Amino acid sequence: MPQISQLADTYFSQIFWMLVFFGLTFFIVGRGMVPKVMATMADRNKRIGDDLGAAEAARAAAEAEEAAWLETEAKQRASAHELIAAAKHQAAQATHDSLAIATARIDADVSAAEARIAEARAAALGEIELVAADAAQEIALRVAGLTISADDARGAVKGTFVHG
Amino acid sequence: MAAEAKVDPMHQFAIEPLFGSGNWAIAGHNVAFTNSALWMAIATLALVVFVGGGLKRETVPGRWQMAVESFTGFIDNMLATNVGPAGKKYVPYIFSLFMFILFANFLGLMPLGVFGVHPFTFTSHFSATGVLSVLSFSIVLIVGFAKHKLHFFSLFVPHGTPAAMAPAIFVVELISFLVRPFSLGLRLFVAMMAGHVLLEVLSSFVISGGNAGPILFAVAGLPSFVLMVGICALEMLVCGIQAYVFALLTCVYLNDAENLH
């Protein structure tokens with residue numbers, strides 16, 4: 001077993017070179033390179049963390065914006081509803097008003113027309129009385145040879161007209 | 001031919017000086033640049049290349065950077081779960097430890113023998129793994145005493161120990177604590193050596209079976225070869241697991257030093 005049989009001759013060389021090369025490894029690789037590698041990893045992790053934080057913040061901001069927008073929208077919707085209701089009310093009112101005006105005008109026209117009709121009828125009735133009275137005088141003169149005064153004839157005719 | 005086919009499964013662990021460096025010495029101690037040292041150098045180089053390739057520092061990582069980051073993330077996570085926030089500062093050490101052992105284990109298992117280069121697994125030498133385990137243990141001791149002063153000894157008396165039992169428990173806990181560097185280093189060394197010996201023994205069956213004729217080859221050689229394929233896969237797993245266990249136990253021990261019980 002060379003590990004034991006050669007030990008007396010080689011132990012110092014083994015220990016010496018082991019210290020030399022492990023020392024080199026430790027100082028070049030362990031102290032020189034590993035911290036840089038770890039720093040790179042730490043930087044990357046920090047950057048990823050920062051990016052995630054920024055994304056989270058952006059999301060929160062977007063959510064706040066959305067909430068604010070929803071609120072504004074709800075408000076605007078409500079005011080629009082109000083406007084529509086007011087406009088509807090106004091329109092109804094206007095319709096009602098113009099209807100009332102039109103109705104009044106039509107009523108006035110109708111009553112005026114009725115008055116005219118009544119007048120015309122009355123006039124017509126008066127004319128018919130006269131004609132009837134004339135006719136009655138004429139008939140009485142021709143048939144009975146009686147001379148009836150215009151007033152009597154008119155009174156007789158009127159009575160008939162009145163009694164229908 | 002048959003005589004040469006005798007395979008020594010332990011030969012792969014022999015340490016040989018390279019490039020005529022057998023007589024190099026510091027203060028009278030031999031520091032020959034051996035095949036073991038060469039593979040330590042290769043492991044270091046491979047690790048530098050691997051981690052260096054992931055150093056592009058891009059925000060959107062490529063595959064290579066992703067691979068390196070998954071390893072650093074794995075170590076970071078292991079320290080965070082075992083030691084807590086105080087474990088962050090040990091990431092360079094645990095990462096170096098884990099990756100160095102992992103690369104050493106894997107490099108030792110590379111089928112480079114096909115190209116005539118024989119990889120040497122220096123983690124199969126307790127003189128090498130011992131350095132790492134003593135290093136880890138020293139850090140535990142230094143951190144423990146620096147942070148908690150003599151209060152660190154309370155680690156050896158768990159909460160709720162009856163006063164009468166405290167001395168006995170203290171001794172038991174102290175022994176189990178002092179055994180840690182040995183168990184840490186030996187576990188890795190034994191696991192790596194056992195796997196390599198097993199592969200070598202099985203491959204010697206394939207070779208001697210083949211040399212002994214077609215019948216023996218079919219009876220012993222082929223099943224051994226099939227078994228080798230499976231054990232190679234198992235060894236790959238062991239490479240990762242042993243590196244993980246070494247790093248994990250160091251984390252657990254560091255947790256004792258940082259947070260006591």
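**Note on the predicted two-chain model**

1. Ser36(B) has 0% relative accessibility and therefore counts as buried. This is a predicted model, and the points below should be read with that in mind. Ser36(B) sits in helix H1 of chain B, which covers residues 35-53. Its C-alpha atom is 7.9 Å from that of Glu16(B), although 20 residues of chain separate Ser36(B) from Glu16(B).

2. What surrounds Ser36(B), once residues up to four places away in sequence are not counted? Ser36(B) touches Phe120(B) and Phe122(B) from its own chain and Gln14(A) from the other. With Gln14(A) there is also a polar contact, side chain to side chain, at 2.5 Å. Ser36(B) is thus a buried residue that takes part in contacts between the chains.

3. The interface as a whole involves 36 residues of chain A and 52 residues of chain B. The size of an interface is often given as the accessible area lost when the parts come together. For chain A and chain B the buried area is about 3900 Å², and carbon and sulfur atoms account for 76% of it.

4. How many salt bridges are counted between chain A and chain B? The count is one, and the partners are the side chains of Arg44(A) and Glu69(B), at 2.8 Å from N to O. Polar contacts across the interface of chain A and chain B come to seven residue pairs, with both residues at pLDDT 80 or more. On the chain A side, helix H1 (2-5) and helix H2 (7-144) each provide at least two of the residues that touch chain B. H2(A) gives the largest share, 31 residues. By type, the side of chain A that touches chain B holds 23 nonpolar, eight polar and five charged residues.

5. Arg44(A) deserves a separate look. This residue belongs to helix H2 of chain A. Is Arg44(A) buried or exposed? Its relative accessibility is 14%, under the 20% cut-off, so Arg44(A) counts as buried. Beyond its neighbours within four places in sequence, Arg44(A) is in contact with Glu58(B), Thr59(B), Pro61(B), Gln65(B) and Glu69(B). The pairing of Arg44(A) with Glu69(B) is also listed as a polar contact between side chains, at 2.8 Å.

6. Chain B contains six helices and two strands. Along the sequence these elements run β-β-α-α-α-α-α-α. The C-alpha atoms of chain B fill a box of roughly 70 × 55 × 45 Å along the principal axes. Of the 261 residues in chain B, 45% are buried. Taking contacts in chain B between residues at least 6 apart in sequence, 67% join residues at least 24 apart.

7. Leaving out neighbours within four places in sequence, Met193(B) is in contact with Met1(A) and Gln3(A) in chain A, and with Met10(B), Phe13(B) and Ser124(B) in chain B. Met193(B) and Phe126(B) are 67 residues apart in sequence, with 9.8 Å between their C-alpha atoms.

8. Asp256(B) lies in helix H6 of chain B, residues 214-259. Why does Asp256(B) count as buried? Its relative accessibility is 8%, and buried means under 20%. The side chain of Asp256(B) makes a polar contact of 2.9 Å with the side chain of Arg180(B).

9. The remaining points concern record annotations. An unreviewed UniProt entry places a "transmembrane region" at residues 15-34 of chain A. In the model residues 15-34 of chain A are 100% helix and 0% strand, with 25 Å between the end C-alpha atoms.

10. For chain B, UniProt (unreviewed entry) lists "transmembrane region" at residues 37-55, 90-114, 126-146, 152-172 and 184-207. Residues 126-146 of chain B are 100% helix and 0% strand, and their end C-alpha atoms lie 29 Å apart. For residues 152-172 of chain B the figures are 33% helix and 0% strand, with the end C-alpha atoms 16 Å apart.

Methods: Residues numbered from 1 in each chain as written. Chains lettered and ligands numbered in written order. Heavy atoms only, no water. UniProt positions renumbered as here; feature names shortened; annotations may be inferred. Helix = DSSP H or I, 4+ residues; strand = E, 2+ residues; numbered from the N terminus. Buried < 20%, exposed > 50% of the residue type's maximum accessible area, 1.4 Å probe, protein only. Contact = heavy atoms within 4.5 Å. Polar contact = N/O pair within 3.5 Å; in protein donor to acceptor, adjacent residues only side chain to side chain. Buried area = accessible area lost by both parts, 1.4 Å probe. Salt bridge = Lys/Arg side-chain N within 4 Å of Asp/Glu carboxyl O. Nonpolar A, V, L, I, M, F, W, Y, C, P; charged D, E, K, R; others polar.
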